[in-house]
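Good morning, everyone, and thank you for making time for this. I would like to go through one model with you, slowly, and I will begin with a word that we need before we look at any single residue.

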Amino acid sequence: MAGHDERVVRELVGAHGQTYAEEAGIRLRDTPQPLYRLLVLAHLLSARIRGSVAVATARTLDEAGLGDPRRMAGANWQERVDALGRGGYRRYDERTATQLGDGAGLLIERWGGDLRRLRKEADGEVSELRRLLQEFPGVGPAGADIFLREAQRVWPEAAPYLDRKALQGARRLGLPEDAGRLVGLAGGTEPAVLAAALVRAAVDKETVRDALDRAG
């Protein structure tokens with residue numbers, strides 16, 4: 001059974017292991033701008049909206065020059081609404097435009113526009129990281145989980161971060177719902193890549209079917 005599980009994980013990661021940050025064109029590094037863009041992406045993905053729309057909108061915001069907290073805070077509300085609309089994020093655009101402006105202001109005021117300072121405040125405690133992230137308007141538990149799933153790539157104290165959504169994907173694939181065992185099955189795969197692949201299985205039945213068919 002372990003051999004089959006390993007094949008499932010290998011095929012899943014091979015075909016569906018792109019992180020959401022990569023899909024959104026974010027070259028994730030432990031520097032202020034990529035981390036801020038990841039926070040915005042996590043905010044967008046946490047709403048009840050198609051992931052592809054959230055990713056496209058994150059790209060559109062960056063193209064509009066809003067990939068920096070100071071530029072986000074300096075933009076007027078209508079500029080943020082318009083950028084969200086161009087990305088297809090229309091259902092929540094007005095509320096999200098307000099939240100993004102307020103969140104950028106909070107980041108600047110409290111952490112100097114640098115999420116690494118938030119990380120330092122958490123002092124290596126993942127539960128505190130998760131709590132602090134939820135202080136941003138519109139970033140609830142789901143948004144904090146999304147951020148940490150991706151940020152574990154550059155914030156290793158968070159790894160392995162496989163949240164409820166990732167474990168839901170494991171369940172759909174018939175895999176063990178245990179982070180340690182899943183990381184073991186994945187061999188040398190980065191936890192962030194494994195997490196993204198599992199989340200894709202959680203939200204898309206075709207991903208599950210494809211991985212299982214490939215594994216045989």
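When I say that two residues are in contact, I mean that they have heavy atoms within 4.5 Å. Please also keep in mind that this is a predicted model.

With that in hand, let us turn to leucine 118, which is found in helix H8, residues 115-122. Which residues is leucine 118 in contact with, leaving aside its neighbours within four places in sequence? They are Trp111, Leu129, Leu132, Leu133 and Phe136. Leucine 118 is buried, because its relative accessible area is 0%, and buried means under 20%. The C-alpha atom of leucine 118 is separated by 12 Å from that of aspartate 30, although these two residues are 88 residues apart along the chain.

A pair of aromatic rings is described by the distance of the centres and the angle of the planes. In the whole structure, a search finds three aromatic pairs. One of them is formed by tyrosine 89 and tyrosine 92, a tilted pair with 6.3 Å from centre to centre and 50° between the planes, and both of these tyrosines are buried. In another pair, the ring centres of tryptophan 111 and phenylalanine 136 are 5.6 Å apart and the planes are at 40°, so this pair, too, is tilted. This pair links distant parts of the chain, 25 residues apart, since tryptophan 111 belongs to helix H7 (residues 93-111), whereas phenylalanine 136 lies in the loop between helix H9 (126-133) and helix H10 (141-151). Tryptophan 111 is buried, with a relative accessible area of 2%, and phenylalanine 136 is buried as well, with a value of 4%.

Let me now move to the packing of helices. Two packed helices are described by the angle between their axes and the distance between the axes. Helix H4 (residues 51-63) packs with helix H6 (residues 77-86) at an angle of about 135°, and their axes are 8 Å apart, which means that H4 is oblique to H6. Their crossing is right-handed, and the contact is made by Thr57, Thr60 and Leu61 of H4 together with Ala83, Leu84 and Arg86 of H6. Sorted by class, these are three nonpolar, two polar and one charged residues.

Helix H3 (residues 32-45) also packs with H4, at an angle of about 145° and with the axes 9 Å apart, and this crossing is right-handed.

Note on methods: Residues are numbered from 1 along each chain as its sequence is written. This is a predicted model: local features need pLDDT of at least 70, side-chain atom pairs count only at pLDDT 80 or more; totals for chains, interfaces and linings use all residues. Side-chain values use heavy atoms; hydrogens and water are left out. Axes are lines fitted to C-alpha atoms, for helices over the stretch in contact, and angles run from 0 to 180 degrees between N-to-C directions. Helices (H or I, at least four residues) and strands (E, at least two) are DSSP runs, numbered from the N terminus. Angles under 35 degrees count as roughly parallel, over 145 as roughly antiparallel, 65 to 115 as roughly perpendicular and the rest as oblique. A crossing is left-handed if the near helix is turned anticlockwise from the far one by less than a right angle, and right-handed if clockwise. Ala, Val, Leu, Ile, Met, Phe, Trp, Tyr, Cys and Pro count as nonpolar, Asp, Glu, Lys and Arg as charged, and the others, Gly among them, as polar. Buried means under 20% relative accessible area, exposed over 50%, partly exposed in between (1.4 Å probe, protein chains only). Rings of Phe, Tyr and Trp (its six-membered ring) pair if their centres lie within 6.5 Å; planes under 30 degrees apart count as stacked, over 60 as edge-to-face and the rest as tilted.
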